[in-house]
Amino acid sequence: MPRISLTASVALAAPGGRHRNRLRPASHGIADFRLRSPGGPESRCHRPAHVPALAGGDDGFHFAPEVEPVELTWRVLDTAGLVRSGKLELFTRYRKAPLWSRALSAEELLPGEHRMEWDGRVPASETFPDGVVTVEHSPYKLKLTLQGEGLPQAPVAWTYFHVLVAGLELELGEPRVLARQRDRELTQALKRLPSPGEKVELRLVGNLFKTKPSEMADDTDFRLHRRHWGCGPEIPLFARAWLKDSRGNRVDAPKALGRVRFLWDWEDETEALEHHAPNVRAFLGHALDRNRSTSQPKGDNAHRDVGGKRGAPSATVFPRQAGYAPQASPRDGAFPFRVMPCHTRGWAAYSQAWTQGAFAGRTGVLFQPSSIAGDAWRVTVQLAYDRRKDGGVVLDVDDDAPLPAAVRASTGIFESWREVHLSRLLRKGTGATGFSLPIVQEHFKRAFLRLEDRTGGISEWRAEDYNTRIATAVATSRHWELRAAIDPSVDQFAAGGHAITFRSHAEFLAEVKRVKHCGDADLPRWLAPTRERRLPLLEAREYHRQCKDWAKELLTRALDSELGTAPGIALFHFSGLYNLETTVDGIRVNGFASEFPSRKRDRCAVIQCAAPGNYRNTFNTLEQTLAHEIGHQLFLPHAPFPSDRRIGGAQAKRHDLDGKDCLMGYDFTKERRFCGLCLLRLRGWNTRVLDCDGARNARP
């Protein structure tokens, strides 16, 4: 049986002079137990319910382990030396077994007050890999238990403390963690993350052009853009986590983060459509609403069935990363942090931080927005907690609304844009009419496409070089009629601002008779229509029309090598296509966008050849011509408007049914602009799954 000690005491005389002897059993217990910040706040001491509560202290006491020492104080009551042992134990509220325990020494059990400096260090273990208490298991319950003989009054006392994250700061990660050079260049061009309220453009450079007419009818443009940018660019987003010391200051204590997880989420920024014409606005509105009510998170970014990422799992926006162990020198081309998908909030992801090494105190993800221009994203990061049965905070839920969080950081808006370059601007003579590049750029800006001027200014052809190129193209043509139509003695450069000078019809007939050694009676046979040339050339009007096609053929052959070495669109500028276009049945040509013989995928040209009089009495302009022809090189076919005049290569299903003012049509009685379907195609959508009737594109 335990030994019970008795202590005698004599009471003061009571009224009437009687005295009473009182015997009290010896006792032991804990008079106080708490954590204190020297000269600052302290935690509250808790003891069993039958023991009077102690005043002072706060259950919200917190400090920054590793970098901020605090005092652990306790006071032992032991009137007769009955205490035999004691221990400290550390618990978390979600686990019954202690996370750590420590036996008290004999000296620490002596009666009186004890003070121990403690900076949160504990033996390294699976729970505490860096040997300090961490945010991961906070809040904590620190418990002191005494064991001994006699009748203990308060053998147990406990106090609570927290390890808290004071704040998160988002920053642009280092390009060296990226594997692909194009992503490094995009990150370097970005320079910094957008702050809340700001918007930055993610410029996805893609100089990809058609190489044959049939590509305007299929989805080559979508496939090429998708192949070039894959699932989208990768941008390293880092978050630096600061801890809160006992006085509420932000301090750097990376080891105290432990393996706490951070939740990365994204939100969709609604697209403004007010600046579009009514028919375009209606078409885009239906398309952007596609599956809006069934995808998570909700929004109007491009849905995954048209090549976007709305409705796709987190692995497509925050790709899973294995990460690697912290080290002083990061690996080149390898992402350092572990990233895992959320289970129920499927579009979001978790990450873990480095507690030491080059990125100590930081965590991060690779943010991979879609390659669809016009999609807009806001990224948030916050502390993540598991689902709790006892009413704790639940953050991994399938509700796609923004989650409440005391500690969160958010970026501004990332808006995806395509970028295409103008690589050269070559002009024949100063008579070629100038144009306003900003007006041309504005047409493509509506499709979130930046047409960037990389030409370095206007260049002039040299006469000798130009004449040599035209002469070579004529000499190597397989059409003898074309060779007969060009007088080799004519100085093609000096003949005028137009591109090609042909013989007159009478001169052409004379040359045919010379070449074929025939008389007038034989001309109908030689100049009859052929499989390749459908026009008979015996009459001047047919000859003048045929010269238009020959001029386009000669220019594409002659100027093929003038595309240059830089990717992009070369602009070749003339004042007229050929000398006979204003004669009887000659055809005025404002511009064209042929496929050049070299068929380079990353280089093309638009030939502008409108004479000043071509734009009189219409709504058509030189800038609209250039935008129209550039549209062809970017895979847009002709629109079937006006409906009373059939246009070669027009494809009704590749244009908005209501877009009668489409820039790819030829209705010059109204101002033209790209229709809704054209805009989406330029943005990178897979428009093959869309209907030309916009109302059919909005799915529930």
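Student: In what order do the three strands of the open sheet lie?
Tutor: The order is β3-β4-β7, with antiparallel pairing; strands are DSSP runs (E, at least two residues), helices likewise (H or I, at least four), numbered from the N terminus, and two strands pair if DSSP finds at least two bridges between them. The model is predicted, so local features need pLDDT of at least 70 and side-chain atom pairs pLDDT 80 or more, while totals for chains, interfaces and linings use all residues. Residues are numbered from 1 along each chain as its sequence is written, and side-chain values use heavy atoms, without hydrogens and water.

Student: Which strands stand at the edges?
Tutor: β3 (28-36) and β7 (112-118) do; each has a single partner strand, so one side of each is left without a neighbour in the sheet.

Student: Over how many bridges do β3 and β4 pair?
Tutor: β3 pairs with β4 (residues 70-78) over eight bridges, in the antiparallel sense. Arg 36 stands opposite Glu 71 in β4.

Student: Changing topic, how much space lies in the largest pocket?
Tutor: About 1400 Å³. A pocket is an open set of points on a 1 Å grid over the protein atoms alone where a 1.4 Å probe fits, with protein on both sides within 12 Å along at least five of seven lines; lining residues have an atom within 4 Å of a point. The volume is the space filled by probe spheres set on the points, which are joined across faces, edges and corners.

Student: Which residues are closest to its centre?
Tutor: Of the 44 lining residues, these are Lys 548, Lys 552, Phe 592, His 638 and Tyr 666.

Student: And which element supplies the largest share of the lining?
Tutor: α9 does, with six residues.
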